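Please read it with the structure open.

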Amino acid sequence: MLVLGVDPGLTRCGIGVVEGTPGRARLIEAGVIRTDSALETERRLLVIEEGLQEWILRHKPEVVAIERVFAQHNLMTVIGTAQAAGVAMLVAARHGLSVYQHTPSEVKAAITGSGRADKKQVGNMVCRILGLEAAPKPADAADAVALAICHSWRGVADQRLAQAAKVGTVRKVGR
């Protein structure tokens, strides 16, 4: 499965493309879409939209995995992150791609085995999983790659269960 991972952000939107199956992953490309903080928000979102379009057209991913936005301390940061995530969802939908969201702790657990791992531990495991000497830079790119790995490992099972449930082949326990 070819997954485009997106670590949304208004200043740096991390992007990573990974080809993977449960237990295996190969890095295709990682990077960031940068926006100038002097631009108006709508112009910054347009830059992100154009960058995501380029990545999708270049790599033709099967799905898009986006970090689920959650409220932290800085409300303004959360708003910008949510706006960037919305743009990523819109671009994916425009291309007919399914969007899956994963929380930071889901990604950490999938990559390191612990939902409480720090950025360094995640970066080290991304290197180990992909056979890299160093994690993609900046950290936003590494986070996007971790999202793509997470989805290629966990999302495949979730997708199969959802498809099976649609056709009625999954039975609830006790029935």
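This is a predicted model: local features need pLDDT of at least 70, side-chain atom pairs count only at pLDDT 80 or more; totals for chains, interfaces and linings use all residues.

1. Make-up. The protein has 5 helices and 5 strands. From the N terminus on, the order is β-β-β-α-β-α-β-α-α-α.

2. Sheet. The 5 strands form an open sheet. Its order is β3-β2-β1-β4-β5, and the pairing is mixed. The edges are β3 (24-34) and β5 (98-102). Each of these two pairs on one side only. Neighbouring strands are turned by 25° against each other on average, direction ignored.

3. One pairing in detail. In general, strands of a sheet pair through backbone hydrogen bonds, either parallel or antiparallel. Here β1 (residues 2-7) and β4 (residues 63-67) pair in the parallel sense. The pairing runs over 4 bridges. V3 stands opposite V63 in β4.

4. Helix on the sheet. Which strands does helix α1 touch? Helix α1 (residues 41-59) packs on the sheet and touches β1, β2 (12-21) and β3. The direction of α1 makes about 150° with that of β3.

5. Contacts. Take contacts between residues at least 6 apart in sequence. Of these, 63% join residues at least 24 apart.

6. Burial and surface. How much of the protein counts as buried? The figure is 44% of the 175 residues, where buried means under 20% relative accessible area. The accessible surface comes to about 9,800 Å². Carbon and sulfur atoms account for 51% of that surface.

How values were computed: Residues are numbered from 1 along each chain as its sequence is written. Side-chain values use heavy atoms; hydrogens and water are left out. Two strands pair if DSSP finds at least two bridges between them. Axes are lines fitted to C-alpha atoms, for helices over the stretch in contact, and angles run from 0 to 180 degrees between N-to-C directions. Contact means heavy atoms within 4.5 Å. Buried means under 20% relative accessible area, exposed over 50%, partly exposed in between (1.4 Å probe, protein chains only). Accessible areas come from the Shrake-Rupley method with a 1.4 Å probe; for residues, only the protein chains shown count as cover.
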